[in-house]
Amino acid sequence: MDCVSIEEIKAALQNNNQDLAIAMIQKYLDKKNNTPLNIAITGETGAGKSTFVNTFRGIDDMAEGAAPTGFVETTSVVTPYPHPNYPNVTLWDLPGVGTTRFPADQYLKHVGFEKFDFFIIISDTRLRENDVKLAQEIHRMKKKFYFVRSKIDIDLNSERRRRREFSETRTKALIKENCIKGLQQQGVQSPQVFLVSSFELHQHDFPLLQETLERELPEHKRDALLLAMCNISLEIINKKKKAFQAQIKYVATLSAAVAAVPVPELSIAVDAALLVRYVKQYAVGFGLDIPSLKSLAVSSDAQFNDLKAVIRSPLAAAKITPNLILKVMVQCASTAALMAAEEGSRFIPLFGIPAAMGLSYTTTYRTLNGFLDMLADDAQRVLEKALHCNTTE
Ligand code: GDP
């Protein structure tokens, strides 16, 4: 049952095997949400690893579960930092290879390299010899690595102060060229270097790093990365929306499968539970739950209330309960009409089986798509507001 297709689920339903259909869908949905992704972050003390680990997970340095930051020897052991909303995604803060007693090959064994999907090697200066040796060893072990040149905001600010004719593009091009040349001189072929500021993730090369990771990850891991990624661009919001959308037909089929069980209350209870579960996922994925909005307010210098003010959907910045879902469904004209049971007969039953199933499928399908649209629109408005505050403050 590793890769369940909608055809197999349909077949189980047509054979009147609701239990099998439900188990298949549940397994598919759980698997989608639980794909492990382990990201190793390494580099010398002070390079900015812990700060990167925190901002990548969308939490500020003071939050519970944050990696401790500051110019202290904070990372002497391998420390896992699970994503607060997606515990299947873990960022691992590794000690810099230079701070351990190990040469690169033994270092990799020591940190348990097999479990990592890829490595990010961070440096706030040119990459050091140790980092390069480590990269070569990672390559030998057939794993991927990416170089992040951190704290680019500091370089840009000091260059801005030093030069009257300052060009951000030119300065960044020079820094990148220097890093790449340095790496090539030490024998790394076509190194991938990304200039990042953990305080301005939406700027510089972080979006490019995100795209590169997404492109180079195996397909089944891409959604895990995407969903765990903070909403730094409209493109990411759209990609998340597409990933959520792709699941809706399974959720709707699950609700149809339950509707085929001849206990009407069961169907309604399961539909309500399903809707709550998936709307919660959308709200969290789009950063529209209250803790995420608060974190965003801190990192973007916006006021929480200003971010909240641009939200239109009653499902965002709210506690998602069956009652709330029902209230919003009733407010939406199209789903309200659908909920009138007689309307069910208008829909061609999907699998040639009871109309209740067709109704359940269509209601869940339309409701989730409608809610997803609303929340994705809110996510865009919140991002635009946050970016605006970040540039004007
Ligand atoms: P670690 O030892 O590699 O984990 O480094 P930390 O994440 O603790 O960072 C060391 C110091 O650099 C801290 O004071 C951070 O606030 C600062 N820092 C980290 N990343 C950035 C960045 O992108 N820009 C700026 N300006 N400071 C940063």
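**Rings, ligand and a helix**

Modeller: To start with the rings, Phe52, Phe56 and Phe206 are linked into a cluster by ring pairs. Keep in mind that this is a predicted model.

Biologist: Which helices do Phe244 and Tyr282 lie in?
Modeller: Phe244 is in α10 (residues 234–259) and Tyr282 is in α11 (residues 264–285), so the pair ties together parts 38 residues apart in sequence.

Biologist: Is Phe244 buried or exposed?
Modeller: Phe244 is buried, at a relative accessible area of 2%. Tyr282 is buried too, at 1%.

Biologist: What does Phe244 form with Phe286?
Modeller: An edge-to-face aromatic pair, 5.7 Å centre to centre and 75° between the planes. Phe286 sits in the loop between α11 and α12 (290–300), 42 residues apart from Phe244. Phe286 also counts as buried, with 3% relative accessibility.

Biologist: Switching to the ligand. How many residues surround it?
Modeller: There are 18, and the closest are Gly46, Ser50, Thr51, Gly70 and Asp153. By class, the shell has ten polar, four charged and four nonpolar residues.

Biologist: Which backbone atoms lie by the ligand oxygens?
Modeller: A polar backbone atom of Gly46 is 2.7 Å from a ligand oxygen. For Gly48 the distance from a polar backbone atom to a ligand oxygen is 3.0 Å, and for a backbone N or O atom of Ala47 it is 3.3 Å.

Biologist: How much of the ligand does the protein bury?
Modeller: 88% of the 580 Å² that the ligand exposes when taken alone.

Biologist: Which element gives the most to the shell?
Modeller: α3, with three residues. The elements that give two or more are α3 (49–56) and α6 (152–162).

Biologist: What about α3 itself, is it enclosed or open?
Modeller: Eight of its eight residues are buried, so α3 is largely enclosed by the rest of the structure. Among the buried ones are Ser50 and Thr51, which are also listed with the closest residues to the ligand. Phe52 and Phe56 of the ring cluster are buried in α3 as well.

How values were computed. Residues are numbered from 1 along each chain as its sequence is written. This is a predicted model: local features need pLDDT of at least 70, side-chain atom pairs count only at pLDDT 80 or more; totals for chains, interfaces and linings use all residues. Side-chain values use heavy atoms; hydrogens and water are left out. A residue is near a molecule or strand if one of its heavy atoms lies within 4 Å of it. A polar contact is a pair of N or O atoms within 3.5 Å; within protein, one must be able to donate a hydrogen and the other to accept it, and residues adjacent in sequence count only if both atoms are side-chain atoms. Accessible areas come from the Shrake-Rupley method with a 1.4 Å probe; for residues, only the protein chains shown count as cover. Helices (H or I, at least four residues) and strands (E, at least two) are DSSP runs, numbered from the N terminus. Ala, Val, Leu, Ile, Met, Phe, Trp, Tyr, Cys and Pro count as nonpolar, Asp, Glu, Lys and Arg as charged, and the others, Gly among them, as polar. Buried means under 20% relative accessible area, exposed over 50%, partly exposed in between (1.4 Å probe, protein chains only). Rings of Phe, Tyr and Trp (its six-membered ring) pair if their centres lie within 6.5 Å; planes under 30 degrees apart count as stacked, over 60 as edge-to-face and the rest as tilted.
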